[in-house]
Structures are given as structure tokens and as C-alpha cells.
Number of protein chains: 2
Amino acid sequence: MNKESVGVVETKYFHIEEPIDLDSGEVIDEVTVAYETYGELNKEKSNAILICHALTGDAHAAGWHEGDKKPGWWEIVIGPGKALNTEKYFIICSNVLGGCKGTTGPSSINPKTGKEYGLDFPVITIGDMVKVQKKLIDSFNITQLAAIIGGSMGGMQVLEWMVSYPTMMKKAIPIATAAMSSPQQIAFNAVGRQSIFSDPHWKGGNYYESGVIPRNGLSLARMIAHITYLSDESMDIKFGRGLQDKDEISYDFSLDFQVESYLKHQGETFVKRFDANSYLYITKAVDLFDLSINDSLIDGFKNVEAKVQVLSVDSDWLYPTEQSTDIVTALNANNVDVSFSEIKSNYGHDAFLLEKGQLNYLFANFLSESVVEDLMMENIATIKADADVVEAAKLMLDRHVTHIPVVTDENKLIGIVTSWDLSKSIATDSNHLTDIMTTTVKYCNAGDTIEEIARHMRKFDISCLPVVDEDMVVLGLITTDQISNLLS
Amino acid sequence: MNKESVGVVETKYFHIEEPIDLDSGEVIDEVTVAYETYGELNKEKSNAILICHALTGDAHAAGWHEGDKKPGWWEIVIGPGKALNTEKYFIICSNVLGGCKGTTGPSSINPKTGKEYGLDFPVITIGDMVKVQKKLIDSFNITQLAAIIGGSMGGMQVLEWMVSYPTMMKKAIPIATAAMSSPQQIAFNAVGRQSIFSDPHWKGGNYYESGVIPRNGLSLARMIAHITYLSDESMDIKFGRGLQDKDEISYDFSLDFQVESYLKHQGETFVKRFDANSYLYITKAVDLFDLSINDSLIDGFKNVEAKVQVLSVDSDWLYPTEQSTDIVTALNANNVDVSFSEIKSNYGHDAFLLEKGQLNYLFANFLSESVVEDLMMENIATIKADADVVEAAKLMLDRHVTHIPVVTDENKLIGIVTSWDLSKSIATDSNHLTDIMTTTVKYCNAGDTIEEIARHMRKFDISCLPVVDEDMVVLGLITTDQISNLLS
């Protein structure tokens, strides 16, 4: 399968005509949503996947904007032949409410004043962001998304969707995220906001007219945040104590070390693409996020219906794995179908944007709807119970198989004989198949999902499973080799 | 032992008359060192302990300044009856070069201009700080310190002393520190400096005359740093998601959460007691710190002669335990007598200022020069090898002991018999001591240190050890109970 890009894409705009009631009690009259889509929505409208972006992300998740040098932020997983396969799925990604990448936010024009909102923009929540996304999804007449996927603040939106619109998605993948912001997470965001407030150019949020933005404050906020996105180890590998453009320490306050220079550059680049007020609103939404009800996350998740895959990153110290396992525990307590994997990476929090191989593998695996029928071998060799060992051995050699189901005259499964059983027959000098065949045989049905079967076979250390119908008539065989081939 | 304070103390000043050559190649002509001492220097000048303070610490480590509401920063370990016992030791603590608490730094008057140095102050290193401390120690005519102890940047000074003046200390305790600043540590310091540079009131460091200090910048730097001093868990315990002076979220940019308000307060308090330029110089010294030679820490530590106890804190993510074990490994490779303990605490990096019980225990244990002779029981019961089991049992009952050394006529140790051996004799129906006594008996000498013996007994799970002279003549017994009593 050729793994390509979706190519040149354009951001589209959706205008919400009716007022939106916010969690704060405020109302916002007009909202424009910037979004992109990749792939085609099928006739049944059942193949849509919503992607939710992180703190400073945007609607441009994949492909290339005309003339751009870099593709969308999640190009590694979205595109033809990738896990979020645009030949199969219709991918939607929108900029969040409060953002500055096309969706209405504090830098948008307030229709009441004809000027930028600034701090007149209402404080918003992750719930409000999701409410706006829901209107976009409704505009496609999609009644259930195949999946919702997102990392970091994107993961918070995924969790919010699961709770607020439980029937609106079949599957959900929250990554490197939390069901509530911890005090340490709030602390880092709070210091970022203070650094913007402290910049004299911020002017209480009314800096748009002056043409001078609070670059120092916003740049500092980004530098602080950027440290939290990387692991200690990844910084060691990337920079160590390397010096920047010099052979010796200069004994002044210029930027001696590469890591200093890198961070400064990150801050300076960021102010060119992001609005300081948006940064205030979005970090505040993250801080306010808390899905627990009366301090109980189990209560918070009581309505969840989606099938969920929770992912964390082992070296992520900003959103540590414990916050993900807290989610898993609370979902489990509600009998939600939930699985969990920890991505192995030294990238830290940023791994959810970088670990191409693991993300593609985990997504493909979880999204896969393959059933046994799609994969099983048909027209397989079977043998009757009254056959002798020599007959079984000849059949194995002839058909190049190691497993032969033993069946009745009506082709119903009563046992299985393997090359191992034949070896046993030599040792015990048995000639009859009934003496050596396994009768407590495990089997599966044609409609079982590959995922279930794979888990089952791993659990019982089985390499080959007969497939039967409801009358136990043997239909075929499925092997771990076939499953491995599918997954790779 | 009554654990008291050293009471009211005063900061003293030591003037260095001769110029000091700095690592940068610059020279500083006049340096004043602010310092405090507690306890009395003995006649042999052998009981002095130097305490090194952390980033924003000062010379006031213990006791009370007239009228103050809080004692010195390490009151928990310094004072009569505490581990740094002022009835036994002469404790010295000085403010570092570049500081703003009495020792010459960027806020001091430059004798050449009659104005504050500002950025004309030369960039200094941890090595320069230690060079200045050495001159203070020399002024007392102390030729060897009993110990040097410090945490965080104080630990860096301890390591620097070990390397630069290897014979100047008997023992050293670096705590929660590193032999070189990691890129993540540099990153946090660099962002702190940028926040000061970004404050318009900083004015290139020349803010002293204006009377307006760069409070926003310095306050932000402190807030960032303060997050790194606490663990995620301690913040959870201390604040959780508790709101500050409100029952509900206010949906504005006031400080909703207690953790926000706490950090803001930390920043605001800090600017009242610390100079912004000093913050620049001292964090820079920390960033420049690197004791490795040609990337080898083993080479860096090749001259160390002190006996070293390295301490880290399990929840410290700013100076993680790995940095301490790197120090231990490199010292071990140089055959330095080094021990290591990890303090169990959820306080994070700040634990080195807070974990009273563990710090006192570890310091006392390591500084203790007690030998077996000081503690052993003399005039103990012994028994001859030709005695029978009944005789041994009677002696045990009579003397209320569970261990009796078995000796020759010359009182030389040949074995030991315990109550456990006597039980064995019943089971095996043995009457002769020689059948049941332990002959591969472990023992110690009167001059062994309690620390060594305690480790030895723990290792072999022995509760009682005979003490012998060089001819194996039994002098007494030492038990783990006696050792425990000493340590508590």
C-alpha cells in the first residue's frame, strides 16, 4: 500500500447562525468554524473520523496548503494507506472555539462593536469547544462518527465528546491527556498567562489596534510550555550541554547553550503564528477541564457508550501515564469496552505528534473492523475421528499444514489433531486418532472481530483456530500468521 | 537530648583584601563575604562544618535574627542536639559570591565607579563561589573541615570543594544535586532569565537608580522555578483543584485555583527579598557547572579524598536521582569511600529543606565517629567449649542473654552459642556444646566504626557480634539494639 499525502488542501469555513449557550452562562451570537476534510463521506455517512487538535494546533491536520513548506500537523497518520486512511475514512478537523486559526476567538471581530473582542470574548470551556464541533458534524448530517481522536487538549475534547454526546461516536482514542487538569498542569499554564499579563504591550488585551503585540510575554509563555512538552532524556539526546555557535563559554548573558537558543527560537516563531489572547482563553479552558462529578470520575463517565482506546506516553511528565490509567479505571468501572497502551518513546509529551510507527499501528489495530470471515482459510483439510495416525500424517504432508480439524460425518468439529499430537503418537505407540487428538478444542465464529480473536489466541497461546458456524460445522481455519500479516 | 535553637544570631562580614582571579579570566578587586557561625571552634580547629546554600539562600542558616518571625533556612538540622550539633560542631555558612544577602554581587557598589555593578559585575562560576568560601575558611586557620554539606546549588558547591580542595574536608554530603546541569535544568533557568530581560524595568541591569525594580520579570522567574521545586503529588495534596476564595469558577482571568494564587504570592514575596541581577548571575553559574573532564565524570572526580554521602530525593524531578547515582558511580570508579541514600518524600526537590527526620538521621549517622569501644558491653558471660548444654542454658537464664561466646582457657573466641542453638540441641538430643555451637563466628574490633559494624550486621542479618582484640581474646559484645539506641 502506497503511503501518500492527501495533497493540496484548503481550509473551509462553516458559519453557525444561531446563538450558542456557553458553560459560563454567556451567549455567543455568531461563530465561524474553520475546518478541513480529507477523503470522501460515504453514502451511509458512517466513515467519518473527527480529529481534535491540541493547545496551539489548527484545522490543518494533513496535506499541504498551496505554497507551504510543511504539511499539516498530523500528516504522519492521515492519508492514503496510513492508519487514518483517506481512501476509507472521511477525516474532519476543525479549529477550536477561542482559537486564532479561522474559528471565532478573541482576535475575531465582535459584531456588536466592529472591533476585535479582546477580553470581551467570553471565557470558554472544553465543553463549549465540543458543542461547536457538534454543530459542524451535524451540518454533514452525520449521526454517528466512526471515531474521534486527539492528543493532549485534543484528548480532552475526545473525552468531553464521550461524555456529552455518548451515541455520537463508535470509537474514541484520547491520547496523552487527562480527565481533569492537575495543579501542576494549571501551574504551568498560570505562569504562561502571567507572562502575557506582565507584558506592557498586552494592554489588558487591547493590543490589536496598536499594531504592537505582546511578543515577549507570549514568547515566554511558549518557552515555558515547550520545556514541558519534551522529556529530560530527549533534551539530553538533542542538545546535551552543546554550545551554540561558539567553541567556548563566553562568560556573558548571551545564549551559551544550544537548548537556550532553541527555546528562544521556539518562542519567537510562535508569536508569529499565535494570538496572545487566544493563548489565555485556551489555556484557561484546559485548566477548567474536570470531568469528575462530585469528585468521582466513575460518575463522570457513567454514560459513555463508545469503544475506547486510551493511549499515554511513558516519558510524558506533563500528562503522566497515571492520568491515563485513571481514565481507564473509571471507564472499566462503568463496563465500557476500553483498552490501554503506553507508547514507548523518549520524546516526552510531544510523542503523540511524532511516534509514527506506534501511532499508525495502534490506530489501525483499534479502528480495524476486520472479522474472521475476511481472513480465514476455506476449503481446508479435515479428517474423520475413525481415521488412523498414518492417514493424518499423510494429509498434513500433502496439504502442508500442521493443524487438522477432526470432524463427524456432518463435518461438525469434535477435535483437532496437530503435528505435535502425531509426535506424541510415536512416543506412546498409538495408532488411533481418538487416542491422541485434542478434544477440548477452542474455536471461533466467522463474525468475530480479528482484534478479539487475536487477543484470545495470544491469551491461550494458540497459533491456529477452527472457524465454525452455529451448528459447529467447520467453515475454515484462522492462524496467527494471517493476523500478523494483516496488522503489518 | 533537648533539641533547641542556637537562639539569636548575627550576620558577620569578612573582607577579602587581595584581588580574586575568576574562572572567566576577570579579576574582582574587593569582596565582602557575609557569614554566620554557630557553636565554638575547638582548639584543634577540627570540628568545623561548612554549610553551602541553594540558589536564593543566604548565610542565615540557623537561629533567629533579632525581631525576625522565622528562623534560618536550615533550622531543622542545625542546633544543640540536632544532627549538626552546635554543642559539638562549629557551623559556618556564608552567602555566595554574586548574591545579594551581604556578599559582593551585582547590586554591590563597584569601587571603580561608586555605583552598583549591574551587568558590569563579572560572570561567576560555582568554582569562584567556592574560591571565596575557601578564603573565609582560611581566615579561621582551619586546615581541614570536618564536613561540607549542601543541597541543590549548595550540593554543587560541595562537589566543587571535593574536586578543587580535596584535602580540605574529611566528609562531604552533596544533596539533591548534579555534577553538571542538564539541558532541562538549563532550560528552566534560561526562561527565568529571559523573563527578567523582558521586563522593561530591568533596563539592561541598570535599574538601581530608578528605584523601580523589574518585579514582574523576577516574580515570573520565581514562579517558574517554584513549580520545579515541588512534586506533582505534593501539589495535589496541598492544593488539588481547590478554588481560591470562591465557591464556583468565576469564568474570568482572576486566579481561580489555589495553586495559581499560591504561585503568584511566591513570586511577589520573592521580589521583596531578592535582586534580579543576582538571579541572573547565580542561575548562570548553575548552568555553567560541569565537573566532567573531557566528558568524563570519572576523570573529573579523580582527586577526591573526602568520605562522601550522596543524597537524593525520590520525588525530585528537577534533580532526579539518576544525577546523584551518576556521581556515586564516578566516585566509586575512583575508589572514593562513598555511600548513597534516597530520601523518601513527596515534597519533590524542596525535601532537602523539609525532611527533618530523615536528614537528621542520615547526617548524624554519617558524621558519627562512634566506634565499637564506645558502645560495647563488657564483662560479658562466656563459656568453655567443654561445657554442656544445660550449663549454657543456665548461664543464659541467669544473665538474661541470648548469645554467649565460646572461648578457650585463654578467653580466645572459638565459637558462639545462642538460644536458637539450644533449641536445636533439644531437637537433636545433643548434650555437648561443640555439637551445636556456631564455629564460623563473625566478630569485630573495638576500633571499628559503628557505621561499618551496623552495615555489616544488616548485611549478614546478625543481631549480636563479639568484640575481640588482635589475639582473638573476647573483650565484649555489641548488639543491634545498642546501635539503634545510639542512632535514635
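Me: Is α4(A) mostly covered or mostly open, and how many of its residues are buried?
Reply: Mostly covered. In this predicted model, 13 of the 15 residues of α4(A) are buried.

Me: What span should α4(A) have, and what does the model give?
Reply: At 1.5 Å a residue, its 15 residues should span 21 Å, and the end C-alpha atoms are 21 Å apart, so the two agree.

Me: Okay, and what about α6(A), how far does that one reach?
Reply: Helix α6 of chain A takes in residues 258–273, which is 16 residues. From first C-alpha to last it reaches 23 Å, close to the expected 22 Å.

Me: Which residues of α6(A) are buried?
Reply: The buried ones are A:Val259, A:Glu260, A:Tyr262, A:Leu263, A:Gly267 and A:Val271.

Me: And what covers them?
Reply: The cover includes α4 and α5 of chain A, together with α3 (183–197) of chain B.

Me: Which strands does β11(A) pair with?
Reply: With β10(A) the pairing is parallel over three bridges, and A:Ala172 has A:Val308 as its bridge partner in β11(A). With β12(A) it is also parallel, over six bridges. There, A:Ser312 stands opposite A:Glu342.

Me: What sort of unit do β11(A), α9(A) and β12(A) make?
Reply: A right-handed β-α-β unit, with α9(A) covering residues 321–333.

Me: Last topic: in what order do β13, β14 and β15 of chain A sit?
Reply: They form an open sheet in the order β13-β14-β15, with mixed pairing.

Me: Why is one side of β13 and of β15 left without a neighbour?
Reply: Both stand at the edges of the sheet and each has a single partner strand, so one side of each has no neighbour there.

Me: In which sense do β13(A) and β14(A) pair?
Reply: In the parallel sense, over two bridges. A:Ile383 stands opposite A:Val406 in β14(A).

Note on methods
Residues are numbered from 1 along each chain as its sequence is written. Chains are lettered from A and ligands numbered from 1 in the order in which they are written. This is a predicted model: local features need pLDDT of at least 70, side-chain atom pairs count only at pLDDT 80 or more; totals for chains, interfaces and linings use all residues. Two strands pair if DSSP finds at least two bridges between them. Helices (H or I, at least four residues) and strands (E, at least two) are DSSP runs, numbered from the N terminus. The expected span of a helix is 1.5 Å times one less than its number of residues. A residue is buried if 20 or more other C-beta atoms lie within 10 Å of its own, exposed if 12 or fewer, and partly exposed in between; C-beta atoms are placed from the backbone. Two residues are in contact if their C-beta atoms, placed from the backbone, lie within 7 Å. A crossover is right-handed if, with the strands pointing away from the viewer, the path from the first strand over the helix to the second runs clockwise.
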